[in-house]
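Thanks for coming, everyone. Please have the sequence and the model open. I will keep this short.

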Amino acid sequence: MILFLLQIVTMRYLFIFIFCFSLFGCKKHVVDDSPIESNWLLPLIKGNVSLNDLTQLEGKSFQYQISPDDIGMPANLVVSSPDLEIDFLGPFAIPTQEIIKYLKVDSIEVGMNIHNLFPVNFKSGFTVTLRSSKDTTATNNILFSSTFSNALQSNGKDSILLNITDVTINDSVYFFIEHLRIDAFTNVVFNESIPIEFFINKVRLNEVALFSNQSIDLSDTVAFEPGDLSSAYNSGNSAISDSSVSGYFNFYTDNGMPIYSRMQMVFMKDAERKDSVFENSFILDGASVDGAGNTTNVVSRKNSVNLRKSKLKNIEKSNKIVYSFSINTNGYTVPYVVISKNNLLGLQIVSDLKLIINPFKF
Amino acid sequence: MKKFSLLFISTLVCQILFAQINIASLHNQNADLENSFLNPSMIGNEYKNFKFSFLPIYVNFGNNFTSAGDILDYTKEFNQKGDSMQVNTSSINSIMNNLKKTNLIYAGADVTLLNVGFNIHRKRKVFLEFQVSARQHVHANISFPEELFNLFYKGNKYYENQTIDILPKINALQYADYGFNVAKNFEFTLNSKNKLKIKPAVRVRYLVGNANVSTQNSRLDVYTAPDGRYIEAKLNGQVVQSYINEKTFSNFNANSLSNLITKGAGTGIGMDFGVSAKLNDKLSASVSLVDNGSIQFKENAYTMSSKYAYRWEGYDWNQNIDSFIIQKDLLNLDSTAGAYKVSIGPKLMISGSYGFGKKAIFKRYLNHYHHTVSLFYVQGFQNYLNATKSPMLSVGYSYRLKNILNAGVNASVGGLTRASLGAHVHFGLGPMQFGFATNSLAYLVSKYNARGVDLQFYTALNF
């Protein structure tokens, strides 16, 4: 046993190797407490805007009135008359944008509501006619026409609903009530006007032509209470108050339409400009056109919203937002530009975020 | 359901036990019969006539990307903060800074049911050396591509305009092998003092596979377009699996036992090759190529595949919301029954040793030096089961006192655990022998270098 223990003690090489191998294992552990930083590219939303999305005609209605004077009767007086035949009432102008040269309509569903508040009856057979000019004698300016097949009694209501296809509407549109015949009446008083509502239910456009170097500008100011945005930004947890999100929302546009656009939202403290959504305005470049005004290319552009903490601080200090929106056809040398239903405006929003995480608890 | 349960249990077992190379034991010359599974020419070295190794077992678990120190730091932080969990960036950064291209978690066990070595003598010299063995193996690994971690750690902008495969791969194999090994010494006289001894050996193994699952050929490619305009994911999944018929266990009898031992769920042939050379009693070298072979699984063998591609460009306001819901048949796998073949993970090993100090004359055939320095180089050909493409180099020292004591230490770099310290000890009491070996001592020096734990234990009768 003693000999065996002596052998163990004399295993000097074993101990030398153990020492050397221990040195091998003594690699210093480096503590790296630096924040974790990750960068994410994430597409959020996308889609295409077409001609029919842009025109916003659906659901629109226009109000008109026929006064007693329009049929040659004085108001608020007792009057009598034999049968009357009125060739036309109107023109009732349908408002259009000055920028529009024409609309080529694939299909349109329009209608008219009429409430006869006159103390007389209208005979059946009067018509509603939509014309592209005020000339009631011409026939080539009639866009469409519809006849009321029933008589319209005093205080009676009636309506028509029309589906019209393949029609071109120019910058001037009028409708008339034509061939109105009224039964003879005695001792009646005209003390109210007749309300007429002209409405558009559905529109499918094939083409829109816009005059060059025209613009539509919209702007408004809205007061608001921003609240404590910084708190929400920091998730309300003091342990991760140093953690942050920064980066951009990038707006990518692929514009196949010959229209330019500019948009901006500015945050104000009374009259002082604090910040804005876009560093510069959101700008949409219009597509190029040929001599006939048809688009020849698709123009891509990137607009960015910088998500920085200072922006939230500035919004907190603001009390109103001024937004402005403009569409124009400036810069085109042809008389008008054409937007067909095949021309699309592609829009995609992609987030480019930097997430910095410091040690935190949850 | 049963078939998945069986595979799941097998996989779970594999995750608990790991079977990588037992590098510590290789430095123990008194366990050459046990070590001969990594080089068949090692048989016959430490016994004169006969050695019966009784139930040697080797278990291991580890990974190549996070250390015990990192894991303990996590646990410490969690305990300190009570109910709330503290996320410490240093632990995460440590893992990320130590990532490999392929990050592995591995587990397994090798259990030797029978290991008998015996030498045939002629004219008082060893003429032929034989070994008969029966072993059970459970190997499994899960590999995580570096890109998977980086994607969540650094974000997808890091991989802008690149396609990356982020799918973890799972391999699990449980099989038995019955081996017959033969080695023959050849002597060549170099000069009056030195003789070159060369011992080639070959082991033939009959492989019986019991269960297997593998997703090795599956991919999930993720592409982030420039500026993040779209993100595309393409799944090309392929899972192969096979397992023993449940009836083998539910109606267990002599016939089913015979099937279990000889057929399992699939069979195959394996070959191990090795050759050792001794220039003299001090210097020796060897090279081996082991675990060559494959198992063809036939029983309940299925290949399941799924292909799916999804492109995200953002919520499209022109589309119906239903179109954004991933179809429920995404994970419906096309299952095809049919035999398939799997490898058992071949490896190349090159070794050398040098003895010095006092020479011991022991039983005539078993001369050795008290001190030995040995070097092993192990190279796998793929990151599969207990093989890795990352080579391992191990240098060790052992002190040997006849067959009574063999103790040593070693240090290794590379391989799956990247760096390890190990030790072995062998005791012999007459013909009775037992020993331990482990590569898990790095933790004692630095917990941040410890990425695995293992243990080998054996008992033997040596005559």
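I will go through chain A, then its sheets, then chain B.

First, the ground rules. This is a predicted model, where local features need pLDDT of at least 70, side-chain atom pairs count only at pLDDT 80 or more, and totals for chains, interfaces and linings use all residues. Residues are numbered from 1 along each chain as its sequence is written, chains are lettered from A and ligands numbered from 1 in the order in which they are written, and side-chain values use heavy atoms, with hydrogens and water left out.

Chain A, then. It has 5 helices and 21 strands. Those are DSSP runs, numbered from the N terminus: helices are H or I with at least four residues, strands are E with at least two. Chain A has 362 residues, and 40% of them count as buried. Buried means under 20% relative accessible area, exposed means over 50%, and partly exposed is in between, with a 1.4 Å probe and protein chains only. The accessible surface of chain A is about 19000 Å². Carbon and sulfur atoms hold 53% of that surface. These areas come from the Shrake-Rupley method with a 1.4 Å probe; for residues, only the protein chains shown count as cover. Now contacts, meaning heavy atoms within 4.5 Å. Take those in chain A with a separation of 6 or more: 86% join residues 24 or more positions apart.

Next, a sheet that involves both chains. Its 5 strands run in the order E17(A)-E13(A)-E20(A)-E1(A)-E14(B). The sheet is open and the pairing is mixed. Strands pair if DSSP finds at least two bridges between them. Which strands stand at the edges? They are E17 (299–307) of chain A and E14 (315–316) of chain B. Each has a single partner strand, so one side of each is left without a neighbour in the sheet. Where the chains meet in this sheet, E1 (residues 36–49) of chain A pairs with E14(B) in the parallel sense, over 2 bridges. A:Ile45 stands opposite B:Tyr315 there.

Back within chain A. Another open sheet has 4 strands, in the order E4-E9-E6-E7, with antiparallel pairing. E4 (84–94) and E7 (142–147) are the edge strands, each pairing on one side only. From one strand to the next, the twist averages 15°; axes are lines fitted to C-alpha atoms, for helices over the stretch in contact, and angles run from 0 to 180 degrees between N-to-C directions. E6 (residues 127–131) and E9 (residues 173–182) of chain A share 5 bridges. A:Thr129 faces A:Phe176 across that pair.

Now chain B. E5 (residues 163–165) and E9 (residues 219–224) run antiparallel, joined by 3 bridges. B:Asp165 stands opposite B:Asp221. E9(B) also pairs with E10 (residues 231–243) of chain B, antiparallel, over 6 bridges. In that pairing, B:Tyr223 is opposite B:Glu232. E9(B) and E10(B) form a hairpin with 6 residues between them. In the turn, B:Asp227 has a positive phi of about 65°.

Is B:Leu429 buried or exposed? B:Leu429 is exposed, because its relative accessible area is 60%. It is found in strand E21 (residues 418–429) of chain B. B:Ala360, in strand E17 (residues 347–360) of chain B, counts as buried at 8% relative accessibility.
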